[in-house]
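Hello,

I am passing this structure on to you. Please open it first, then read the notes below.

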Amino acid sequence: MYDKHRGISGENPEHIHFLYETAFPRFQSWGYKVRVLRNADWDYVSLFHKTIEKSSYPDRIGQMRGFPMATMGRCWVKRDLKTRVLERFYEDDAKDAVTIVGICADEPIRLRSLYRQPNKRSLLAEYGITQAESKMICEDYGLLSPVYELSNRGGCWFCPWVKPAEWAAVPKELRAELIAMEESTENISGASWNPLRGRLREFH
Ligand code: SF4
């Protein structure tokens, strides 16, 4: 998702290693099919450099898109590289699928949002399992991602909300590359919507 031409994932390197080396083989051993979905045309790098063609702010049209805003649900990484890819998969290959989402019984705000969406369920909530209990279950099965030793969240390593320990787990050359990308938008008014501009450099 970060850079499909070089095969670099947007997931934290420790998490992606855990997925391929531990989680996927375990799911397959239980008889489940594992399929990784990706946007066929775009990745983070190409979308970062994409020219804005439509915007409710006319001065932004024609500028480089730049960093994701990643606040109040307004993140183009989530929209273009995650949500739309899943929506297309459901349309093309799994029209009647029910999505099981990992939201726990003690996450009422997330559950309220989930219950507004059709064909989505949370088995954790239906069985009354809390976040702490979910963590214990994952530990019991050897399926707790190492990313939870770095942060209380999973997500893109280039997210403006990344925690210092997550950022430190990313190879140095990639960190330098991302900072250079961020700097490339600094003098373009409105192009970089990163509310935490410069934050990644503080960690570097
Ligand atoms: S982790 Fe951050 S950059 Fe990635 S999709 Fe979520 S909000 Fe967007």
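**What was found**

From the N terminus on, the elements of the protein run α-α-α-β-α-β-α-α-α-α-α-α. That makes 10 helices and two strands. Please keep in mind that this is a predicted model.

Next, the packing. The protein has 204 residues, and buried ones make up 19% of them. Take the contacts between residues at least 6 apart in sequence: 55% of these join residues at least 24 apart.

Helix H6 covers residues 131–140. Zero of its 10 residues are buried, so H6 lies largely in the open. After H6 comes Gly-142. The phi of Gly-142 is positive, near 65°.

Helix H7 spans residues 147–150, and Glu-149 lies in it. Is Glu-149 buried or exposed? Glu-149 has 10 C-beta neighbours inside 10 Å. A residue with 12 or fewer counts as exposed, so Glu-149 is exposed. Glu-149 can also be set against Ala-165, 16 residues apart from it along the chain. The C-alpha atoms of Glu-149 and Ala-165 are separated by 8.7 Å.

Best wishes

Note on methods. Residues numbered from 1 in each chain as written. Predicted model: local features only at pLDDT ≥ 70, side-chain atom pairs only at ≥ 80, totals over all residues. Helix = DSSP H or I, 4+ residues; strand = E, 2+ residues; numbered from the N terminus. Buried ≥ 20, exposed ≤ 12 C-beta atoms within 10 Å, placed from the backbone. Contact = placed C-beta atoms within 7 Å.
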